[in-house]
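Let's take a friendly look at one protein and at how some of its charged side chains pair up. Have the chain open while you read.

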Amino acid sequence: MSDNDFILRLTTVALLTGFLVYMQWERARKRAELRRQSRLVGDVIDVTPLRPRLESLRRDYAAAAQDHARSIGAREKLVAATRRTLSSLSFFRKHHAPDEREHHAA
């Protein structure tokens, strides 16, 4: 290996190392900025769109729980229908290995 090859490789390694160090520094700087921003206190969340739903839950929690239970049953039916559809595809059918005697007979 000539001196020029060695210098070229060493320069390449130095540039890549410098790039990686810069990327780590940039990432650490962004994380520190996010930490500073998350410490801010006083942000208000507007809950007025949630108010009607909360009132209905307070009035009749049992009905809301029953509606949720119905949606779980519908989800289970959807999963069962998907399972039946997928199992009917040829890719998912069980293929039996041919009898070993057939291979030995040839």
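Here is a short tour, from the overall layout to the individual pairs.

## What you're looking at

This is a predicted model, so local features need pLDDT of at least 70 and side-chain atom pairs count only at pLDDT 80 or more, while totals for chains, interfaces and linings use all residues. Residues are numbered from 1 along each chain as its sequence is written, and side-chain values use heavy atoms, with hydrogens and water left out.

## The overall layout

The protein has 4 helices and 0 strands, and from the N terminus its elements go α-α-α-α. Helices (H or I, at least four residues) and strands (E, at least two) are DSSP runs, numbered from the N terminus.

How much of the protein is buried? Buried residues come to 2% of its 106 residues. Here, buried means under 20% relative accessible area, exposed means over 50%, and partly exposed is in between (1.4 Å probe, protein chains only). The protein exposes about 10600 Å², and 61% of that comes from carbon and sulfur atoms. Those areas come from the Shrake-Rupley method with a 1.4 Å probe; for residues, only the protein chains shown count as cover.

Side chains of opposite charge can pair when their charged atoms come close. A salt bridge is a side-chain nitrogen of Lys or Arg within 4 Å of a carboxyl oxygen of Asp or Glu. Searching the whole structure turns up 3 salt bridges.

Take glutamate 26 and arginine 29: their closest N and O atoms are 2.5 Å apart. The two sit 3 residues apart in helix H1 (residues 3–38), which puts about one helical turn between them. Glutamate 26 is buried, at 16% relative accessibility, whereas arginine 29 is partly exposed at 40%.

Helix H1 also holds the pair of glutamate 33 and arginine 36, again 3 residues and about one helical turn apart. In this salt bridge, the closest N and O atoms are 2.7 Å apart. Both partners are partly exposed: arginine 36 has 49% relative accessibility and glutamate 33 has 34%.

Which residues pair up in helix H2? Glutamate 55 and arginine 58 form a salt bridge with an N to O distance of 3.1 Å. Both lie in helix H2 (residues 51–59), 3 residues apart, or about one turn of the helix. Glutamate 55 is partly exposed, with a relative accessible area of 34%, while arginine 58 is exposed at 63%.
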